[in-house]
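Colleague: I would like to learn how to read the packing of helices and strands in a model. Could you take me through one?

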Amino acid sequence: MEGKRSKVRMCCLCNQSRASLNRPKTLQQICRDCFYLSFENEIHQLIIDNHLFTPGDRVAIGASGGKDSTVLAYVLSKLNRVHNYGLNLFLLSVDEGITGYRDDSLETVHRNQVQFGLPLKVVSYKDLYGWTMDEIVKLIGLKNNCTFCGVFRRQALDRGAAFLKADKLVTGHNADDIAETVLLNILRGDIARLSRCSSIITGEDGPIPRCKPFKYTYEKEIVMYAYFKRLDYFSTECIYSPNAYRGFAREFIKDLERIRPRAILDIIKSGENFRISTNTKMPEQGTCERCGYISSQKWCKACVLLDGLNRGLPKLGIGRSRPGIGCKEENESRGVKSIESKQCGSLDF
């Protein structure tokens, strides 16, 4: 009996409870309660150190029903209550119109709305753009479909946050996601995005700043937290994303993590330390002449893609936008940052 007891691993933090997991980020052997506390305290400290919120802020949480956004909503709601942040929290979901995927995940979001007691707003591609992703994929096929979805989703979130009159928009992008983005921007030679892809706050020059409280939080730890807390989340991968270019970076990150878990944070730190030459000319941000959304060209990427779809030329906007593309007439609302009441394509939001 003495021999068996001596083999029991105790939590290296509290030394009172039996260790039940190896923490992926630090490889510490800890108990569940210490894991919950460490997980939540790290996010709280990140919020405080980076001054992500101010009391009274209206904060929209990008909610997809997946593990990241579900854990984010749960933890942020708990921290707001425990630490008296004084935030007004809302769930914001985007319905891309993907049958057998998004319709099912939105059911999870509606359950989270009840479970967490947070108001929910859902915006859809069909209402905003006149197209669903099912219709787009039917027209263009499986290649480049993620380009349309990514561009439309970003603008849809901003429009939904504007509808909620949100001061901040928070997303569940985790450390793995950010490390992948750093690598992708290096591979693409995208100098403009290298300087900001690892920032915890982005879009400060746009209508609504975006925050990433999970910037240093490993995906594996989010999964473990959701599992041990028995949170209700949707785990099926998008049916149109298996061939996405990002998938190659994701696999590479996973391989690195198996060899050296610290590699994820090292890549993020590398992204933070990138310095762009003063001789490099950055694109000047303006507003789209067609819908008023922030853009460095006459038309924003969403309007270029939408114009191609409506004209039956879906490949028109694929690749880098060329200067000068867009409509000839001047938009009378040009220069105004608010997008809540702007026109998107042929449909008023």
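Predicted model: local features only at pLDDT ≥ 70, side-chain atom pairs only at ≥ 80, totals over all residues.

Colleague: In what order do the six strands of the open sheet run?

Modeller: Strands of a sheet pair through backbone hydrogen bonds, either parallel or antiparallel. Here the order is β5-β4-β3-β6-β8-β7, with mixed pairing; strands are DSSP runs of E of at least two residues, helices are runs of H or I of at least four, and both are numbered from the N terminus. Two strands count as paired if DSSP finds at least two bridges between them. β5 (120–124) and β7 (201–202) are at the edges with a single partner strand each, so one side of each has no neighbour in the sheet. Strands β3 (residues 58–62) and β6 (residues 168–170) pair in the parallel sense over three bridges, and A60 stands opposite L169 in β6.

Colleague: How do α6 and α7 cross?

Modeller: Two packed helices are described by the angle between their axes and the distance between the axes. The axes of α6 (residues 133–140) and α7 (residues 145–163) come within 10 Å and cross at roughly 150°, where axes are lines fitted to C-alpha atoms, for helices over the stretch in contact, and angles run from 0 to 180 degrees between N-to-C directions. That makes α6 roughly antiparallel to α7, a term for angles over 145 degrees, whereas under 35 is roughly parallel, 65 to 115 roughly perpendicular and the rest oblique. M133, I136, V137 and I140 of α6 make the contact with N145, F148, C149 and F152 of α7, contact meaning heavy atoms within 4.5 Å.

Colleague: What else does α7 pack against?

Modeller: Helix α7 lies across β3, β4, β5, β6 and β8 (210–211), running at about 140° to β4. It also packs with α13 (residues 301–310) at an angle of about 130°, their axes being 9 Å apart, and the two are therefore oblique to each other. In this contact, T147, F148, V151, F152 and Q155 of α7 meet K301, A302, L305, L306 and L309 of α13.

Colleague: Which residues does UniProt list for the C-terminal domain?

Modeller: The unreviewed UniProt entry lists residues 286–316 for "domain: Cytoplasmic tRNA 2-thiolation protein 1 C-terminal"; UniProt positions are in the numbering used here, feature names are shortened, and annotations may be inferred rather than shown by experiment. The end C-alpha atoms of that span lie 22 Å apart, and the span is 32% helix and 13% strand.

Definitions and conventions: Residues numbered from 1 in each chain as written. Heavy atoms only, no water.
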